[in-house]
Amino acid sequence: MMSVNIAGREQKQVSNIEQFEALFNYATIGIIVTNSEGRIINFNKFAEKQFGFSKDEVLEKTVEVLIPPSAREKHVQYRQDYNSSPEVRAMGHGRDLFGQKKDGSTFPVEVSLSNYTINGHNFVIAFVVDITVRKKQEEVVLEQKQELEIVTGEIKSMNSELEQKVSDRTKMLREALAELEKSKEELSEAFENEKELSELKSRFVTMASHEFRTPLSTILSSAYLMEKYNQANPNEKFEKHIHRIKGAVGVMKGILEDFLSLGKLEEGLVQTKMETISTSAFLEDIHALLQEMDALLRPGQKIHFNNTINTPVWVDRNLLKNVLINLISNSIKFTNENSTITVSAYLTNDNLVIAVIDNGIGISQEDQQHLFERFFRAKNASNIQGTGLGLHIVSKYLELMNGRIELRSKLNEGTTVTIHIPQNNHLKEIYEKNIDNRR
Ligand SMILES: Nc1ncnc2c1ncn2[C@@H]1O[C@H](COP(=O)(O)OP(=O)(O)OP(=O)(O)O)[C@@H](O)[C@H]1O
Ligand SMILES: [Mg+2]
């Protein structure tokens, strides 16, 4: 019984030592035990793996053999301080700690310290953890954080640049808008003024033209009377002046007619009366008109009339007459004596076309662009009588007939003015009439 007890106690003692050694050697943390002089007296297997030293290689050596040379001197001091008041605590106080392997390479560590005393001798235990992986991760996180900060900074500055740009643009836009608004107001004011002025002018012209007519007809009738009285007692000079008075009155009447037509056109008082007229009625109109124009012809001038029309036409007789008077009188005025003016009438795809052709002074390319403006006269026409209203009125009359005017001219060679009056409505009217007749 006794022996069993003794054997059991021994077995227990042996087992405790073995268990302690197993604990020491299989711990997954490096354990280094040093004496009061800092010499290593125990070094577990995990520490061997961490530092690459075998236990035998480090026993009896001061613990600084496991520390990089740059930190050794300080460590000696720290060690002595710790020995004077040992306690259980972490080592390093916020400093980064490094261990040094046998091959000289270093690695980051975390160390916690503990101590014990046996027979009045102090011992220190250092528990060492290799934190290379954790440090790497921390570095990666730190790098990512820094990158993130850089990117955030860039985004912020881009954002503020963008905001600045947007506010600049908005400001510019607002200014441009205000400017636009201002010029719009100015423009509409100018437009109003212009409109008012133009209305005033045309009212004045209409009024003046009306008022001039009466004294003019008095002058004209007096001239006729004087001519009559002169027949009893003929006097050549007297007759010459009467002729001049009559001519001047004619010119003035023409101008006044133009002014009145313009005034009526601008006030929208000219009414269009489109109608279908027979070929013979059309030709009669033209012949009558050409006869009227004969009185204006200059010495040796002739008008040659060409016609291929043999169907009814769709026109406003009065407007067409005025248009042709204007065009033919231009050709007469702007062409030399002994020249022939050709008037051609024909039909093309749904259009009545009349061309007035002369070989007179022509119009420069530059002047041609303005011919239909009110009061415009070409440079080479300055000493030939006229007000520059004729073509403007002609173009307006053609608008009223849904037609158009075309002018081709070469300086010193001649001019061809062509008018086109659409006949679609007229054809439609004939067609409808035929249908009605068949019913
Ligand atoms: N057949 C033409 N040959 C040369 N120039 C022409 C001819 N027809 C018109 N012009 C030019 O075009 C200008 C404008 O013609 P428009 O008939 O409008 O005016 P005008 O004949 O001068 O005056 P108004 O017809 O009012 O008496 C003329 O002044 C002239 O310079
Ligand atoms: Mg004219």
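**The sheet and its helices**

Mentor: In this predicted model, five strands make up an open sheet of mixed pairing, in the order E8-E10-E11-E13-E12. Strands are DSSP runs of E of at least two residues, helices runs of H or I of at least four, numbered from the N terminus; two strands pair if DSSP finds at least two bridges between them.

Trainee: Which are the edge strands?

Mentor: Strand E8 (302–307) and strand E12 (404–410), each of which pairs on one side only.

Trainee: And how many bridges join E11 to E13?

Mentor: Eight, between residues 351–358 of E11 and 414–422 of E13, and the two strands run antiparallel. Within E13, Thr418 is the bridge partner of Ala355.

Trainee: Which strands does helix H8 touch?

Mentor: Helix H8 (residues 317–333) packs on the sheet and touches E8, E10, E11, E12 and E13; contact means heavy atoms within 4.5 Å. The direction of H8 makes about 20° with that of E11, where axes are lines fitted to C-alpha atoms, for helices over the stretch in contact, and angles between N-to-C directions run from 0 to 180 degrees.

Trainee: Where does H10 lie?

Mentor: Helix H10 (residues 390–400) lies across E12 and E13, at about 145° to E12.

Trainee: Changing topic, what box do the C-alpha atoms of the chain fill?

Mentor: Roughly 190 × 60 × 40 Å along the principal axes.

Trainee: What are the conventions?

Mentor: Residues are numbered from 1 along each chain as its sequence is written, and chains are lettered from A. Local features need pLDDT of at least 70, and side-chain atom pairs count only at pLDDT 80 or more.

Notes:
Side-chain values use heavy atoms; hydrogens and water are left out.
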